[in-house]
Structures are given as C-alpha cells and as structure tokens.
6 protein chains.
Amino acid sequence: MSSFTRVSGRAADQLRPLHITRGFTKHAEGSVLIACGDTRVLCTASVEERGPAWKKEGGWVTAEYGMLPRATHDRSRREAAQGKQSGRTQEIQRLIGRSLRACVDLNAIAGYTVTIDCDVLQADGGTRCASITGGYIALAEALRSMRKRGQIKKDALFGQIAAVSVGIVQGQPVLDLDYSEDSGCECDMNVVMNEAGQFIEVQGTAEGHAFRRDELNALLDLAAKGIAELSAAQRQALDA
Amino acid sequence: MSSFTRVSGRAADQLRPLHITRGFTKHAEGSVLIACGDTRVLCTASVEERGPAWKKEGGWVTAEYGMLPRATHDRSRREAAQGKQSGRTQEIQRLIGRSLRACVDLNAIAGYTVTIDCDVLQADGGTRCASITGGYIALAEALRSMRKRGQIKKDALFGQIAAVSVGIVQGQPVLDLDYSEDSGCECDMNVVMNEAGQFIEVQGTAEGHAFRRDELNALLDLAAKGIAELSAAQRQALDA
Amino acid sequence: MSSFTRVSGRAADQLRPLHITRGFTKHAEGSVLIACGDTRVLCTASVEERGPAWKKEGGWVTAEYGMLPRATHDRSRREAAQGKQSGRTQEIQRLIGRSLRACVDLNAIAGYTVTIDCDVLQADGGTRCASITGGYIALAEALRSMRKRGQIKKDALFGQIAAVSVGIVQGQPVLDLDYSEDSGCECDMNVVMNEAGQFIEVQGTAEGHAFRRDELNALLDLAAKGIAELSAAQRQALDA
Amino acid sequence: MSSFTRVSGRAADQLRPLHITRGFTKHAEGSVLIACGDTRVLCTASVEERGPAWKKEGGWVTAEYGMLPRATHDRSRREAAQGKQSGRTQEIQRLIGRSLRACVDLNAIAGYTVTIDCDVLQADGGTRCASITGGYIALAEALRSMRKRGQIKKDALFGQIAAVSVGIVQGQPVLDLDYSEDSGCECDMNVVMNEAGQFIEVQGTAEGHAFRRDELNALLDLAAKGIAELSAAQRQALDA
Amino acid sequence: MSSFTRVSGRAADQLRPLHITRGFTKHAEGSVLIACGDTRVLCTASVEERGPAWKKEGGWVTAEYGMLPRATHDRSRREAAQGKQSGRTQEIQRLIGRSLRACVDLNAIAGYTVTIDCDVLQADGGTRCASITGGYIALAEALRSMRKRGQIKKDALFGQIAAVSVGIVQGQPVLDLDYSEDSGCECDMNVVMNEAGQFIEVQGTAEGHAFRRDELNALLDLAAKGIAELSAAQRQALDA
Amino acid sequence: MSSFTRVSGRAADQLRPLHITRGFTKHAEGSVLIACGDTRVLCTASVEERGPAWKKEGGWVTAEYGMLPRATHDRSRREAAQGKQSGRTQEIQRLIGRSLRACVDLNAIAGYTVTIDCDVLQADGGTRCASITGGYIALAEALRSMRKRGQIKKDALFGQIAAVSVGIVQGQPVLDLDYSEDSGCECDMNVVMNEAGQFIEVQGTAEGHAFRRDELNALLDLAAKGIAELSAAQRQALDA
C-alpha cells in the first residue's frame with residue numbers, strides 16, 4: 001500500500017483544491033460557484049412565496065440538478081430535449097434536497113419554498129457532493145436575505161451540511177475521488193455529514209467487490225476528515 | 001431502552017415472518033412471491049436473447065419496480081397513467097439492478113439480458129429490500145433454467161445477495177421495519193449484503209436527527225444478523 | 001363438427017375453472033383475486049372522497065387496467081417505463097369502467113369516486129372479461145363498506161354485471177376462449193351482460209373471415225349460458 | 001311508437017344525405033371527402049414503401065384518426081398540443097384499421113404500408129363510421145394507383161367494407177344517428193359489414209338501460225339495410 | 001433577368017389565385033377556408049369565456065397550427081401520435097398568434113380567449129402566410145359575433161393584418177412563392193403588414209447566400225404590393 | 001429625441017461591454033463564455049463522428065439552447081423537469097443552428113456533426129444574439145481542432161457570423177437592448193449578418209405599434225454598425 005500513488009499526486013486523505021465564489025450570478029437570493037478540482041457546479045438558491053402543494057403547514061426546501069451537455073468528456077444528450085430527467089438525475093436531486101432539509105427549520109420558513117438549483121458546468125467526479133457542499137452556502141445566503149427582508153423572523157438554519165466522496169482505489173481507501181479514480185474504483189461512498197461529524201446520509205456501493213466492515217470504517221474515517229475541512233471552508237466563505 | 005416494545009411484539013433483532021413461494025406464476029423463467037410480514041412482492045426473472053444496446057460484450061441483468069396502485073393504504077396514482085415513473089421508483093429499481101448484478105458473472109451470460117420485475121402487491125414497509133431478497137431467488141431460478149437449456153455453459157452466479165432495513169425507532173435500533181415503524185423512525189438504513197457478510201450497498205438516511213457513528217455500528221450489526229437469516233431462507237427455498 | 005375437441009378437453013359450452021378469492025389484499029375497500037383457468041387478475045376497488053373534476057353532481061366509477069410485464073408468455077415492456085398506456089390498455093379500461101357504471105346509481109355515491117384497478121398477474125386469454133367479472137365483486141364489496149361507514153345512505157348497486165368471451169374456433173362456436181384458442185380463432189366476441197341476460201356491451205370482431213348472422217346468434221347463446229354461471233358464482237362469492 | 005318523429009324528419013330506417021367527393025386533395029394516392037349529413041371527414045390513403053417493423057412478411061394497412069379542434073360544438077383541445085392521443089382516438093383508429101384490413105390481401109401488398117388518415121373537419125355524430133366508409137374508398141383508390149404503377153401485381157382488395165351506427169332513441173330503433181340522437185340514445189351500436197351482409201365488427205353499448213336480444217336483432221336489421229345502401233354508394237363513387 | 005419565367009407562368013410580382021370561403025364549417029364563431037393557389041388552410045376562430053391563466057386583466061388571442069399528415073407530397077408523421085408538436089409548428093403558431101394580436105384591443109375582449117386554429121388541408125408553400133391572412137378573417141367574424149351577442153361592447157379590431165412570402169429565385173425577387181419555388185430559393189422572407197403598409201413582422205432567412213440590403217429592399221417592395229391586394233380581398237370577403 | 005437617455009448611459013448606437021473568454025471549460029472542442037453586459041452565455045462546440053440520420057451526405061451543424069432556471073429575475077421552471085422545451089427555446093435554437101450553418105461548408109465536414117450548446121448562465125436581454133456571436137467562436141475553435149486532428153482536410157468555415165438586437169425605445173432606435181429596454185420597447189429586431197455586412201437572418205417584431213419602412217431602415221443601419229464591431233471582436237478573440 002505504501003507504494004500507491006494517486007495520479008493527481010494527492011495524499012490518500014487529501015481533498016482536491018477547493019474554490020468557492022459567492023455571488024457568481026446576480027438574480028438569485030443565493031448564488032455560489034463551487035470548484036472541487038476540475039468539478040465546477042453553479043448552485044443558486046431561489047426564494048418563492050409559495051408553500052409546497054402537498055403540505056399544509058411550514059415551508060419547503062427542494063433541489064434540482066442538471067448537467068450541461070458538454071460538462072462531461074463526451075457530450076451527453078440534453079435532458080430537456082429528451083423530454084425527461086434520467087433516473088440518475090432524479091436520484092441525485094432527491095439526495096441534495098433531503099440533505100439540505102436536514103439543516104433547516106421548515107416551520108421557520110412557513111409560506112416559502114427555497115429551490116436549490118445545482119448545475120454542473122464542468123464534471124470531473126463528485127458532482128453530487130459538490131452540489132451539496134456548495135448548495136448549503138447558497139441556501140445560507142438565501143436565508144440571510146429572507147431575514148433581512150423580514151420574510152422570516154428567526155434563524156432557520158441549524159448546523160452545517162457538507163458532503164464528500166470516498167472510495168477504494170487499487171486496494172487503498174482514498175478521499176474525494178476525481179473522475180478517473182471514480183470510474184476505476186472498487187467501491188465508492190458518498191457521505192453527507194453535519195459540522196458535528198454526525199451522519200445525514202451514507203450511500204456506499206460495491207463496484208468491483210463486496211467491501212468488508214473494516215474497509216467501511218476506514219472510508220468513514222476519511223470522510224469525517226474531509227467533511228471537517230469542507231465545513232471550515234464553508235464557514236470561511238460565509239464570513240467573507 | 002429496556003421498556004421499549006415494538007407494536008408487532010417482535011424483539012428488536014427479529015425479522016418479520018418470511019414466506020417464499022416459488023413458481024407463483026407460470027410464464028417467467030423465475031417467479032417468486034415473497035412475503036415479509038404484510039409486504040408482498042411478486043418477483044419474476046425474464047430471459048431475453050439480446051445484449052444491452054450500450055454494451056458490446058457480455059450480458060446484462062436489470063430490474064424494474066412497480067407498485068400496484070392500491071398496494072398502499074391510500075391509492076396512489078398508476079405510473080403508466082401518469083406517463084412516467086417517479087424518482088422514487090427509478091431510484092429503487094436502479095438499486096435492485098445494481099445489487100443483483102453484484103452476484104452475476106455477466107460474461108457468462110453473454111448475449112442475454114435477464115430482467116427482474118418486482119411488483120409490489122401489498123406494501124407494509126421494506127418493499128425494496130424484499131424485492132432484492134426475492135429477486136435473487138427468481139434470478140437464481142432463471143439462471144438454472146438457462147443452464148438446462150444450454151444457453152449458458154457454466155454457473156453464472158457467485159454468492160447470494162439479500163437485503164434488509166434497519167432503523168432507530170424511539171431511540172432503539174431495530175431490524176426489519178414495518179410501515180408504521182418506518183414512517184416514524186429517526187433514521188433508517190437499507191443494507192444489501194452477500195452471504196459472507198460483506199457489503200454490496202449501504203444507504204442510510206437521517207430522518208429526525210443526524211446519527212452518530214456508534215448508532216451506525218449498532219444498525220450494521222442488526223443488519224448482519226438479519227441478512228444471515230435471510231440468506232439461509234433463500235438457500236432453503238432454492239433447495240426445495 | 002362432431003369430431004372437434006378443445007385442447008383443454010372442455011365442452012364447447014364449458015367455462016374454465018373459476019376461483020374467486022375475496023380479501024386477497026388488505027388495504028383496499030374491495031379486493032378480489034379472480035382466476036379463470038390460468039388467467040389471474042387482481043381487482044381492487046378504492047373509495048376516494050372526491051367527485052370527478054368534469055362533473056358537478058353525483059359520484060363516479062372508473063377503472064384502470066394493467067398487465068405485469070411477465071404476465072404473458074414473452075415479457076412485454078412496462079407501460080410506466082414506456083411513458084404511456086397502449087391503445088389496447090386504454091380501450092380495455094374504458095370498457096371495464098363503462099360496464100361497471102351500468103350497475104351503479106351514481107347519484108347515490110355523490111361526492112365519491114370508486115376506482116377499480118384490474119392488474120393481470122398471469123394472462124391466458126380473456127383478461128378483460130375476468131376483470132369485469134372480478135371487478136364487479138370488488139365494487140360490490142366497496143359499496144358495502146361505504147354503506148357500513150355511513151358514506152352512502154342506500155344501496156347504490158342495481159343488478160350484477162359479468163363478462164365472457166366467445167368465438168369461432170375451427171368452425172365451432174365455443175365459450176370462454178383461452179389464449180391458444182383466442183390467438184387462432186376466426187372471430188371473437190366479448191359480451192357483457194347483467195344477471196337478467198340483457199346486454200351491457202357486445203364487441204365482436206372478425207379475425208379470419210366475416211361472420212354470418214347465424215354465427216352471431218350461436219355465439220350470443222353461448223355467452224348467455226356462460227354469464228348465467230358467472231353471475232351465480234358472483235352471488236356465491238359475495239354471500240360467503 | 002308510431003308517434004315518434006326524428007328531429008331531422010328522417011324515417012327510422014333512413015340514412016342521412018351522403019356526399020362522396022373523390023380527389024379532394026391532390027398529394028395522396030387516395031383522397032376522399034365524405035359527408036354523412038353534417039359530419040364531414042377527409043380520408044386520405046398514403047402508400048409508403050416499407051413494411052411494418054414488427055412483421056417480417058406481407059404488407060400492412062393502418063389508420064389514424066383525428067378531429068380538428070373546432071370540428072365540434074365546443075372547441076376541444078388539440079391532441080398534438082396535449083402531447084397525446086386520447087383513449088377515444090386510439091380506440092377509433094384501431095377500429096378503422098382493423099376493419100379495413102379485413103378486405104385487403106396483405107401478402108399482395110408485401111413491402112408496402114398503406115396509411116388511412118381520417119380527419120374530421122366537422123362532427124355531427126357517426127364520425128368513426130363515416131371514416132370507415134370513406135376510408136374504404138380512399139384505400140381502393142390507392143390500391144388502384146399501386147396497380148397502375150406496377151407496385152402490386154394483382155388485385156389486393158376482396159369485397160367492400162362500410163360502417164353505420166344504429167341505436168335506440170326514445171324506445172325506437174333508428175339508423176344512422178346524428179349527434180343530438182347519439183347523445184340522448186339509450187343504446188348505440190356501430191356495425192361494420194361487408195357488401196355480402198356479413199359482420200366485420202359489432203360494437204354495441206348500453207347507455208341508459210341494458211338492451212334485450214330482440215332489440216339487438218332490430219338494430220342489426222337496420223344496420224344491414226343501411227350498409228347495403230352505403231355499399232352501393234361506394235361502388236358508384238368508385239365507378240365514376 | 002428579363003428571360004426569367006416562373007414555372008407557374010406568373011409575373012414576378014403576381015399573387016397566386018386567391019379563394020376565400022367564409023362559413024366553411026358550422027360550429028366555429030369564425031370559419032374560413034383560404035386557398036392561395038394549391039395551398040388550402042382551414043382557419044377557425046373559437047370564442048371561450050376564460051381569460052388566459054397567466055394574465056389578470058384583459059382577454060387574449062392565441063393561435064394553433066397543424067398540418068394534416070398527407071397535406072404534403074410525402075406523408076409526414078401525425079404530431080398527436082408522436083406526442084409533441086415540432087419546433088417548426090410551434091414557431092409558426094407563435095407567429096400567427098403574435099401577428100393577429102397586433103390588431104386586437106385585448107382590453108375590449110376582457111374575460112374571453114379567442115383561439116385561431118389553422119389546419120392545413122393541402123400544402124403548396126406559404127402555409128403560415130395563408131394562415132395569417134385567412135385567420136384574420138375568421139377572427140373578424142368571431143369578433144362580430146361577440147358584438148352581436150353582447151359579449152363585447154365596442155369594436156375590438158383595429159386595422160387589418162395580412163401576410164405574404166417573398167424570395168429570390170434564380171436571382172430574381174418574386175412574390176408569393178409556391179412550394180417548388182420555396183424549396184429552391186436563395187433567400188425567403190415572410191412579411192406581415194397591416195393595411196396601412198406598416199410592418200408587424202419581418203422574417204427573412206438566407207438559404208443559399210447571404211442577401212444584400214438592396215435585395216432586401218426589392219423584396220419588401222414586392223411584399224407591400226402583395227399585402228395591398230390581400231387586404232383588399234379580405235375587405236371584400238368580409239363585406240360579402 | 002435629443003433629450004432621450006438610455007438608463008445605462010450608453011449612446012443609442014453603442015454596444016454593451018463585451019467580454020469573450022475562450023476555453024472556459026475543458027472538455028469541449030470549442031468552449032466560450034461570452035458576456036454582453038450582464039448577459040452571460042456559455043457556448044460549447046462538440047464534435048461527434050456521426051452524420052445526421054436524415055441526410056445521406058455531408059456533415060451537419062446544429063444548436064441547442066437552454067437557460068439555467070435562475071438565470072432570470074424570477075426563477076423559471078427547469079425544462080428537463082417539465083418534460084419539454086418551450087416553443088421559445090425551440091425557436092431560438094433553430095435560429096442559432098440555421099445562422100451558424102450559413103458559414104460552414106457542410107460537405108467539408110462529411111461524417112461529422114458539430115453541436116453548439118448555448119446555455120445562459122445569466123440573462124439580461126439579447127441571449128439569442130449572444131449565443132450566435134459566441135457560438136460562432138466556439139464553432140471556429142472546434143473546426144480548427146478537427147483540422148489539427150486530421151478529421152477534415154480543408155478549411156470548412158467561410159466568413160464570420162454575428163448577431164445583435166436593435167429596437168425602438170421611447171421612439172428612438174437603439175442598438176443592443178438590455179432586458180429593461182427589451183421589455184419596454186415598441187419594436188425589436190434580431191439581425192444576423194456576416195462580416196461583409198450581408199444578411200443571414202432578419203427577424204423584426206412590432207411590440208407596441210406597427211413600424212414604418214424608415215424605422216426599419218434606421219434599425220438595420222444600427223445593426224450593421226454593431227455587427228461590424230462584434231465581428232472585429234470575434235477576430236481578435238480567435239487570433240489571441
């Protein structure tokens with residue numbers, strides 16, 4: 001294991017370079033461009049004065065996810081032109097929405113829906129995790145703006161949410177996989193945690209071989225380290 | 001915790017009564033009705049002589065999932081009439097297909113696609129896990145029939161796959177949640193494992209509160225116990 | 001004609017073995033598994049407190065029909081996955097709904113919609129007729145439960161509705177065709193009647209050759225005999 | 001019953017005025033405008049050099065049906081804009097196609113598909129019957145043109161097909177219902193026959209009350225009379 | 001250029017023969033069959049007592065466009081069967097609606113929507129222009145009928161709208177292209193004007209080569225001449 | 001007119017600040033971020049080795065257009081989630097494709113399809129014109145890369161294509177409208193020209209009042225001036 005080297009030269013427990021640009025676009029209540037290495041996702045948070053149709057009380061936070069057709073190495077077909085979102089897209093946007101709702105007091109935003117749009121401008125692995133980590137910042141910005149406009153009376157946010165992928169590549173557990181690692185890994189896992197190191201969501205999948213309990217534990221340790229760093233970066237971005 | 005009692009009277013680590021009926025319908029190469037308590041899923045495996053369009057070599061195993069409109073307490077809208085499968089349906093059928101592919105040598109079934117249809121006749125929690133556990137048996141039946149007809153030369157199946165849900169209900173980790181437990185739980189997790197106790201898929205979601213590492217560990221222990229029992233039942237059903 | 005023998009060994013005017021299982025599933029207000037030979041259809045009746053959108057007064061009875069993908073000899077594509085119901089499916093569910101409305105006083109169920117879901121678990125010919133015959137029982141069960149709960153004040157059901165197929169096979173008029181007979185017949189007809197032997201719906205189609213008036217008459221005689229037996233079986237099932 | 005008078009002043013067994021215009025449009029191989037009273041349908045037959053995808057041998061005849069949005073008293077929504085054909089539309093076009101195939105030797109048109117488009121310009125009841133009666137003429141024209149161009153070697157048409165509606169209005173069996181009669185009738189039936197008075201298709205539906213065998217017989221007698229007149233008019237139009 | 005002759009024998013600045021038939025169908029508030037040479041479009045105007053959903057005040061005028069499948073030389077697929085309107089169809093119906101709204105006082109028809117359906121029975125070039133020119137007459141008829149019924153208090157129509165195509169064929173600017181000219185032209189332009197010779201819409205497209213300003217000017221001169229003649233014909237039709 | 005001032009302070013014939021960033025994303029053969037004032041569009045050109053299905057010879061250039069949901073002041077619904085592209089979207093992407101094909105020798109790229117994806121990250125008026133002007137650069141980049149890889153033998157590009165909007169605001173013809181000008185203008189026109197000042201496409205629409213010939217001329221003069229400047233900027237960007 002000691003001889004293993006990541007193509008990127010990163011240490012096994014090292015995140016990719018992270019860049020967070022707040023206010024990337026001007027119309028949205030929250031707008032963040034997050035770059036995790038070569039993965040770049042534009043996350044906007046839109047506040048609308050309507051509750052969800054299926055729920056009588058409280059507000060709602062939801063997410064939509066998309067990938068520009070040429071965000072990827074080969075062009076993929078535009079979902080709008082195909083007339084439907086793929087199963088993968090729906091699975092991802094459900095995950096983002098569920099994760100971000102975990103840090104919002106929905107009663108505090110009664111009468112409002114906040115939609116987090118995560119659009120991948122360039123993909124290099126880990127787009128769903130980048131969407132959650134960046135989407136959290138856009139959401140926090142939007143909630144601040146609601147507070148300023150008097151749309152909400154108190155802080156609706158409790159805690160922070162961030163996400164990172166971990167996986168086993170050539171027998172070695174590594175943090176924050178890029179596309180080349182992701183497509184060749186033996187198992188990969190997306191972990192969503194709060195800033196206290198507790199789990200919001202854990203999704204692990206064996207790709208090449210079934211993974212053992214000790215491997216799972218090693219991966220979760222890596223994830224915890226990565227999330228702590230991402231949480232710190234989120235705080236820094238929001239304090240700027 | 002000692003005073004906690006499940007509505008069903010089950011122990012915290014006790015599965016629901018399990019009934020497996022092979023050959024429930026006559027046309028499919030594999031056909032199994034699996035009942036996990038009041039959850040009943042008809043799993044059929046269909047063999048078609050065509051490879052997947054997007055893959056030049058080897059065969060394929062895929063899954064589709066559906067719920068009869070009145071499988072649930074209130075009638076849900078028929079997806080065929082709505083003109084699309086929900087995000088939830090697509091997420092579940094992707095999980096079933098991915099899990100079952102983990103025990104099949106796709107090269108050994110080159111030129112064939114095996115489709116596992118999991119249709120929920122009655123739902124009481126845990127339908128995706130029952131689909132995987134029952135779908136495995138239908139798949140095994142279908143592969144046997146392919147062997148008999150000379151469509152495949154060697155055993156294409158390695159290992160067994162089963163799935164179970166675990167969750168925290170009123171602070172207590174419990175095994176194999178029924179609907180009432182599932183809808184009130186604080187966190188729930190679907191675990192797919194092989195008969196050797198290794199993980200194929202782990203999907204845990206915080207519902208009420210973020211969960212700690214020790215809670216995660218307790219849940220995984222319960223899942224391992226349940227999967228061992230389900231695996232034994234699968235072997236028994238296939239040997240009958 | 002005297003030398004003709006049906007593959008099943010049945011007499012020309014003989015129904016297939018009929019099995020009716022009430023309460024096959026637990027959530028629906030009415031739930032019946034009907035088996036006509038190897039054709040098995042799960043019929044549920046669901047009561048919802050809403051009138052039809054397009055009708056200001058009275059209640060409504062409607063039907064939906066589906067076939068599990070592997071109910072048939074070869075797997076057919078799942079309609080939910082294809083994004084639409086076939087013309088055949090729509091034609092059948094319109095027939096079922098129209099037929100069952102013929103025995104219900106819609107004003108007596110004002111404010112309610114009863115949906116009859118007919119899902120074919122296994123197909124061997126005659127699925128639309130089995131759906132009507134079984135759907136009637138589920139409907140009757142649901143109306144009884146509405147009465148018990150005080151949702152309706154008086155009996156909303158007048159008469160009984162049942163259906164059967166007839167056709168000309170190798171020059172011989174026969175009753176209740178199975179799939180092998182149906183696919184090779186020269187003309188086939190679906191007949192829906194009430195318990196008084198009056199017609200609700202008659203749908204006859206020449207397959208191989210145009211049929212004469214005397215052939216039509218012979219087929220209608222067979223249908224009347226079959227419906228009388230089905231009606232008796234319905235009464236017996238409902239009295240049980 | 002003797003005092004019954006039709007609003008139109010027609011006798012009970014009298015067809016509406018029939019006008020057949022051949023060559024109404026110039027591009028199609030067959031093009032007929034048929035007017036049955038105020039019901040006007042443009043029927044075109046298009047010959048394409050392709051067999052049906054799902055059938056290895058022989059040719060095919062198929063039909064499509066549409067109604068211009070304001071063919072009816074109130075504007076109906078355009079199906080192309082709604083993104084799907086209604087169940088009613090599909091049911092009708094399946095009927096037209098099935099009926100017209102009954103008079104064509106599909107092997108004689110091997111390699112070709114003839115599509116009959118029936119578009120209702122103005123509706124006043126009986127549009128599906130007018131489509132079949134007019135569609136037959138367009139089909140005959142198209143087959144003649146195929147013969148002339150040497151696309152087919154022999155006459156592919158055997159017999160004639162026409163259709164008419166009959167129904168019971170205020171207790172009286174009548175022929176060829178217009179819209180006002182159709183919407184108020186107690187039962188109505190669409191009958192498709194050949195020129196020899198044999199049945200191709202019979203579709204009867206009770207609207208207000210179940211109908212008796214003697215009523216059915218009276219309706220079929222009326223239909224036979226009407227079809228004989230329509231067949232004569234078809235021959236006259238084709239001989240012109 | 002002097003030696004150029006149009007296949008039709010028309011002069012470069014000559015319209016095709018124009019025939020306008022008012023009251024072609026009976027149900028619509030306005031119904032016009034317009035024939036520009038071999039192009040024939042049925043334009044109906046339907047008045048509905050509902051404002052547009054997205055607009056709180058005033059009324060609305062909208063248009064829908066369709067082509068019968070065999071209006072063209074080769075059969076095109078039916079849009080209703082394909083499940084969507086093509087981009088071309090949507091572009092055309094947006095143009096028709098926008099053009100006709102330019103001559104209507106929407107406040108004067110508050111609470112009403114007028115839908116102009118333009119269905120091409122036979123196509124030989126210029127169908128969108130014929131739809132606008134004929135649609136105007138149907139619209140005028142409908143507004144008159146609204147006035148008569150007291151649905152509107154004052155004249156809602158100001159000015160007239162007509163449309164014509166112009167293009168450069170073999171280097172020669174010509175008016176009112178038929179299909180053979182249209183498919184071979186170097187540039188074509190659809191011009192919508194009012195009766196005062198002012199522009200409502202100008203849409204010019206280079207097909208073979210980019211066009212110069214002087215060519216544009218020559219085309220606009222031809223269009224103005226054609227529109228003046230079409231406007232006169234509209235007045236004559238409406239006065240008849 | 002002399003007292004008229006644009007909100008932005010620009011002169012009537014002044015373009016918005018233009019920024020062109022080549023290589024904004026890394027996967028596409030051509031990738032350009034174009035900013036026209038606050039309008040920002042990401043244009044990528046993707047080369048695929050396949051000809052268009054409907055065309056036997058030569059290559060193809062096509063375009064797709066999309067707007068991120070929160071590119072606009074209020075969030076618009078995601079087209080992929082709605083299951084279809086709006087008429088507006090289709091109209092725009094047809095215009096972009098048609099315009100860019102006007103400068104490509106399709107025979108020279110035989111066997112290849114180049115897709116220009118124009119995705120609006122932020123909208124402030126003139127998105128279709130920015131898409132064409134930026135899309136041209138992405139296209140030129142992609143054709144260069146095809147040349148380098150030996151996919152094409154000779155230069156496939158002839159001339160340059162750019163687009164700009166012009167309109168009449170408060171009676172004054174102005175160049176390059178931003179959103180606030182666009183939504184309040186009396187008429188607006190999108191003009192696509194080549195670098196020689198010839199027209200590729202002209203689309204003018206009266207919004208408030210029909211426009212006169214002299215107004216049209218003034219607008220075309222402004223457009224010519226703007227296009228000349230945009231063409232120069234394109235050359236500069238491509239030479240960089």
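A salt bridge is a side-chain nitrogen of Lys or Arg within 4 Å of a carboxyl oxygen of Asp or Glu. By that criterion, E:Glu91 forms a salt bridge with F:Arg94, with 2.7 Å between the closest N and O atoms. The model is predicted, so local features need pLDDT of at least 70 and side-chain atom pairs count only at pLDDT 80 or more, while totals for chains, interfaces and linings use all residues. Residues are numbered from 1 along each chain as its sequence is written, chains are lettered from A in the order in which they are written, and side-chain values use heavy atoms, with hydrogens and water left out.

| Interface | Residues in contact | Buried area | Salt bridges |
|---|---|---|---|
| Chain E and chain F | 25 of chain E, 25 of chain F | about 2400 Å² | four |
| Chain F and chain A | 39 of chain F, 39 of chain A | about 3000 Å² | 14 |

**Chain E and chain F**

Carbon and sulfur atoms account for 47% of the area buried between chain E and chain F. On the chain E side, E:Glu91, E:Phe199 and E:Arg213 supply 26% of the area buried against chain F, more than any other three residues. There are 16 residue pairs in polar contact, both at pLDDT 80 or more (N or O atoms within 3.5 Å, one able to donate a hydrogen and the other to accept it; residues adjacent in sequence count only if both atoms are side-chain atoms).

Helix H2 (87-101), strand E9 (199-206) and helix H5 (213-239) of chain E each supply at least two residues of the side that touches chain F; helices (H or I, at least four residues) and strands (E, at least two) are DSSP runs numbered from the N terminus. Strand E9 of chain E gives the most, with eight residues. This strand pairs with strand E9 (residues 199-206) of chain F in the antiparallel sense over five bridges, pairing being defined by at least two DSSP bridges. Within E9 of chain F, F:Thr205 stands opposite E:Glu201.

**Chain F and chain A**

Here carbon and sulfur atoms give 48% of the buried area. In chain F, the residues that lose the most area to chain A are F:His27, F:Arg70 and F:Arg75, together 25% of what that side buries. F:Arg70 also forms a salt bridge with A:Glu29, the closest N and O atoms being 2.6 Å apart. Strand E3 of chain F gives the most to the side that touches chain A, with seven residues.

Definitions and conventions. Contact means heavy atoms within 4.5 Å. Buried area is the accessible area (1.4 Å probe) that two parts lose on being put together, summed over both.
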